[in-house]
Amino acid sequence: MYYCMNKNRLLNNTDNANKIKTLLNEFGNKLKKKVDNEVPNLSTDELNAITTLLNEHSLVISKVDKGNAIVVMNRSDYLIKANEILDDKRAFKKLNQNLTDKRENEFIKFLLQLKRNKIISPDEYKLMRPKTGSRTLEAYFLVKVHKSGQPVRPIISSYNSYNYNTAKYLATLLKPAISTCPSYVKDSFDFARIIKEKKNLPGLMCSLDVSSLFTNVPLDKAIDIAIKKIKLFHPKLTIDDENLRELFYYCTKRTNFTFNNEHYDQINGVSMGSPVAPILAHLYMSELEENISNFKGKKPSIFYRYVDDIFMIFHGTQRELALFVSFMNKLELSIKFTLEKQTDNKLPFLDVMVERTNSELITYVYRKPTDTGLYLRWTSNQPRSYKINLIKCLCTRAKRICSSDNLFKQELEYYKSTFITNGYPINIIKKTIRSIELNINKEKQIHNIRKIFISVPYYGECSLVLANKIKKIIQTPTTHIIFGFKAGNRISSLFSRILRKTNDNKRIVYGYSCYDCKGYYIGQTARGAEIRKEEHKNALNGKGYSKIAEHCLNKNHRNNWDTDILAIESNDLKRNIKESLLMDWYNQKKDKQVYSQKSYILNIF
């Protein structure tokens, strides 16, 4: 917190800085007493059950594809479903080794060459350049329990990967092109608005769903379209087509990842989890839809799409509808559509239910059959304001989706019973819902004010009091301080990494001991333990500098090259802080003589 405030120039006043230091010191003392006297909110039986599940390696426990449900599967069944997707040689290729470090180095050289040739600016280079020690992408699979056979959806988590920053940059360039498609639907609210405007339109409601769109997008065609759009919306861009294509290839075809200790490349399609993937898929589908004008038969009266989901109203015969779907399925070999027709005059789209009553279309909130009604419980270790805002959010959403006051009131009754089930006090529910009904929940728009977000660990009332006191000290007429409260570990986080590697020995704090004394070296690296070990060993032979080499050569001692992984931390600042804290702890508590130098000097007060 102190670092964040100092970084945002909120502590230039020495008096204010001292007041903040005093508050943080008091907070630390109060927190120690609170933690010492705290009663766990889980019983012994619950803790034992969680421990048993964590140690049961024959099971996979994770969230489902859509909704708040949890799925428990046999590990063998999970692997079979995952491998059915990964064995598709049109989209994936198995690798013999991890290519992350090699590709990171190649990509940095490529970006440097573009900068030297003035094809990209220094600012663009900074935006796209990966951080040293890029993380290897990980694949995991979400089970679609709402579909027959329970297929799985592949997700390839790309955060902190070598191409993540470039994917974000390309996504930013493509953003203006998204809304230009005639069939474009922004979200559920936009769709509900469209239906309200066309509520008297006759015809059969039906939807088309693209089977596995992301893995079946013809990549080269999608990239051609993307380059064309970038040139259209950014005519002054200095990057030529050839180098733009190479940037897209690094973000798509050269996406290597791991799953179940195996390495893969995605060679076609786009990976869900990349910032640029949904935009590429959307732009390709937009181009594909332009062929509809060439269809000689009956066309839909309305045709709207959200990524891979299409809503249509078709005013024609069943045969004419079948001919249209057949035409759509012939546009691209890899793109196949499945048709769903209205049932009992109802058809869900996104999270909106569209129903035809008396020749008029109405809309209200749609919940899948797998909906559990489970939300943040009132007893959860989260700020009270977060729970109240959850009620406001869901009720406001219902208000924007429902096409009449009566439908909205029905939704409010549902939420009342749901939140009561989740332990919310009835008076809080009624008061919050009343504010939505009276439309008195609008926040004042703040203009020409610098917003500053500060993260605060949440430990109940003492965290809220601390935030209010800090706000009174540092807030000025030109700044708006917004505190975000971060609670501790949640049960779901314990199961989130099943079948995913916890670390590839990158972004770590590590240690080495000395065979001949109590000396201990502690360092941190983003690049990986093996790379740093090699550099330390080279320093012993006169190549480069290392504190380990200095210690061993000056004292004629031997270093123990078994690496101790002391902490794993992806955030650079937090990793430096952990390194400093561990140095102090090993000196004071572990009877070691830490001789390494701190990367970050802590402000202790």
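**Salt bridges and a sheet: reading the terms**

User: Why is R153 called buried?

Analyst: R153 has a relative accessible area of 17%, and buried means under 20%, exposed over 50% and partly exposed in between, with a 1.4 Å probe and protein chains only, so R153 is buried. The model is predicted, so local features need pLDDT of at least 70 and side-chain atom pairs count only at pLDDT 80 or more, whereas totals for chains, interfaces and linings use all residues. Residues are numbered from 1 along each chain as its sequence is written, and side-chain values use heavy atoms, leaving out hydrogens and water.

User: What makes the contact of R153 with D65 a salt bridge?

Analyst: A salt bridge requires a side-chain nitrogen of Lys or Arg within 4 Å of a carboxyl oxygen of Asp or Glu; the closest N and O atoms of R153 and D65 are 2.8 Å apart, so the pair qualifies. R153 belongs to strand β5 (residues 152-157) and D65 to the loop between β1 (59-63) and β2 (70-74), so the bridge ties together parts that are 88 residues apart in sequence. Strands here are DSSP runs of E of at least two residues, and helices are runs of H or I of at least four, numbered from the N terminus. D65, at 14% relative accessibility, also counts as buried.

User: What makes β9 and β11 edge strands?

Analyst: The open sheet has four strands in the order β9-β10-β6-β11, with antiparallel pairing. Each of β9 (302-306) and β11 (337-341) pairs on one side only. The twist averages 20° from one strand to the next, where angles run from 0 to 180 degrees between the N-to-C directions of axes, which are lines fitted to C-alpha atoms, for helices over the stretch in contact.

Terms used: Pairing = 2+ DSSP bridges.
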